[in-house]
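Reader: Could you walk me through how to read a few packing features in a model like this one? I would like the general idea first and then the case at hand.

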Amino acid sequence: MANGISQLLKDRLGLHLLEYEIPEHANSVRYSLGGMTLTSFALLVVSGVLLAQFFVPDPARANQSIHYLADQVYLGWFLRGVHFWSAEALTVTLFLHMARIFFTASYKKPREANWLVGVALLVVMTTFLFTGTVIKWDQEAYEALEHFLWVAKSLGVLGLPLTEEFAQGVPIISRLYMAHISLLPIVALPLLGLHLYFVKYHQLSPDPGNPEGGKTIPFTRHLGYLRRAGAGVFTLICLLALLIAPPLGDPPVPGLEVTKPPWQFVWIYALENLWVPTLIIVPPILIVFLLSVPFVDRSEELLWKKRPLAMAVLAGTVLLFAGLILWGKFTTMTHSM
């Protein structure tokens, strides 16, 4: 009976198309980081839809509505915790995913286009994190917005649509909220679809230690592995939501600058302490650098041992960002907007 139902679903839904062969190394943590990131993003979407039912995107009530959710709504504190820790998990797995791709040279021919899509997704996810930080509208959010508005105004006409003057009468927090729940998802979902399509079209990147391939497994078996990995990520996020409440301050006091940004952005804050214009200059340089990777590194070599320059770049980048984050977290910043 069960086999008959299973066969019926395969015939009606085309599930048999998922039974193609892929390399066995797909069932490993390092080649499943993208799936873990997708799990975190799915949790963000689901929890975000629920959170939106209680959030008021108005400067006078935004912070109060989140406090109400956390203190008065049944399990509201847990729902917000799931949303917050999903974003934290996504940040970590996304970084590890990109590092793995660089380490295994999976951005090389014929996968250059998918690397570019991945960079676009990185920018979108970073924007998700920033807008999510601002709309909670506490002191940290206010100061983050002040830095953002300084950049927008410094860009002149190019930054005008991002300023408060562009749509007078509409609070910028409301505009950022709409970007967070509508514009960014509209951009992210097609990019995710395109990213997955390229993975299917070009097939899973080879293991550099065995470029000729080895054993294969059905893709459905890999899906089972991804379900277990996703369940692990979900469990970890729920445990963190139960044990550690996300930070949330009181409504902001205009004119003060007393907080530091979340760790995902503190590296640029540290650079800004050296020279404020780095806030404008460094992000586009970093994006251009990432976009240029598959076009600068044109060799056919995949094994990390035979790519010393690429490995030096990877290690240097990791150490640089780690150092900036630690510096920004544990030292006193002296600049002010």
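**Reading the packing**

Author: Contact here means heavy atoms within 4.5 Å. This is a predicted model, where local features need pLDDT of at least 70 and side-chain atom pairs count only at pLDDT 80 or more, while totals for chains, interfaces and linings use all residues. Residues are numbered from 1 along each chain as its sequence is written, and side-chain values use heavy atoms, with hydrogens and water left out.

Reader: Where does Ile 237 lie, and is Ile 237 buried or exposed?

Author: Ile 237 lies in helix α8; helices are DSSP runs (H or I, at least four residues), numbered from the N terminus. With 1% relative accessibility, Ile 237 counts as buried. Buried means under 20% relative accessible area, exposed over 50% and partly exposed in between, with a 1.4 Å probe and protein chains only.

Reader: How do I read two packed helices?

Author: Two packed helices are described by the angle between their axes and the distance between the axes. Here, helix α4 (residues 76-103) and helix α8 (residues 219-243) have axes that come within 8 Å and cross at roughly 125 degrees. That makes α4 oblique to α8. Axes are lines fitted to C-alpha atoms, for helices over the stretch in contact, and angles run from 0 to 180 degrees between N-to-C directions. Angles under 35 degrees count as roughly parallel, over 145 as roughly antiparallel, 65 to 115 as roughly perpendicular and the rest as oblique.

Reader: Which residues of α4 and α8 meet?

Author: From α4 come Trp 77, Phe 78, Gly 81, Val 82, Trp 85, Ser 86 and Ala 89, and from α8 come Ile 237, Cys 238, Leu 240, Ala 241 and Leu 242. By class, the contact of α4 with α8 has 10 nonpolar, 2 polar and no charged residues. Ala, Val, Leu, Ile, Met, Phe, Trp, Tyr, Cys and Pro count as nonpolar, Asp, Glu, Lys and Arg as charged, and the others, Gly among them, as polar.

Reader: At what angle do α9 and α11 pack?

Author: Helix α9 (residues 266-274) and helix α11 (residues 308-330) pack at about 75 degrees, with their axes 7 Å apart. That makes α9 roughly perpendicular to α11. The contact includes Trp 267 and Leu 271 of α9 and Phe 321 and Trp 327 of α11. Its residues divide into 9 nonpolar, 2 polar and 1 charged. As for cover, 8 of the 9 residues of α9 are buried, and what covers these buried residues includes α6 (139-154), α10 (278-296) and α11.

Reader: And how should I read aromatic rings?

Author: A pair of aromatic rings is described by the distance of the centres and the angle of the planes. Rings of Phe, Tyr and Trp (its six-membered ring) pair if their centres lie within 6.5 Å; planes under 30 degrees apart count as stacked, over 60 as edge-to-face and the rest as tilted. The count comes to 14 aromatic pairs. One of them, Phe 55 with Tyr 177, is tilted, at 5.0 Å centre to centre and 45 degrees between the planes. Phe 55 sits in the loop between α2 (33-51) and α3 (62-72) and Tyr 177 in helix α7 (residues 172-202), so the pair ties together parts that are 122 residues apart in sequence.

Reader: Are Phe 55 and Tyr 177 buried or exposed?

Author: Phe 55 counts as buried at 13% relative accessibility, and Tyr 177 is buried at 8%.

Notes
Helix = DSSP H or I, 4+ residues; strand = E, 2+ residues; numbered from the N terminus.
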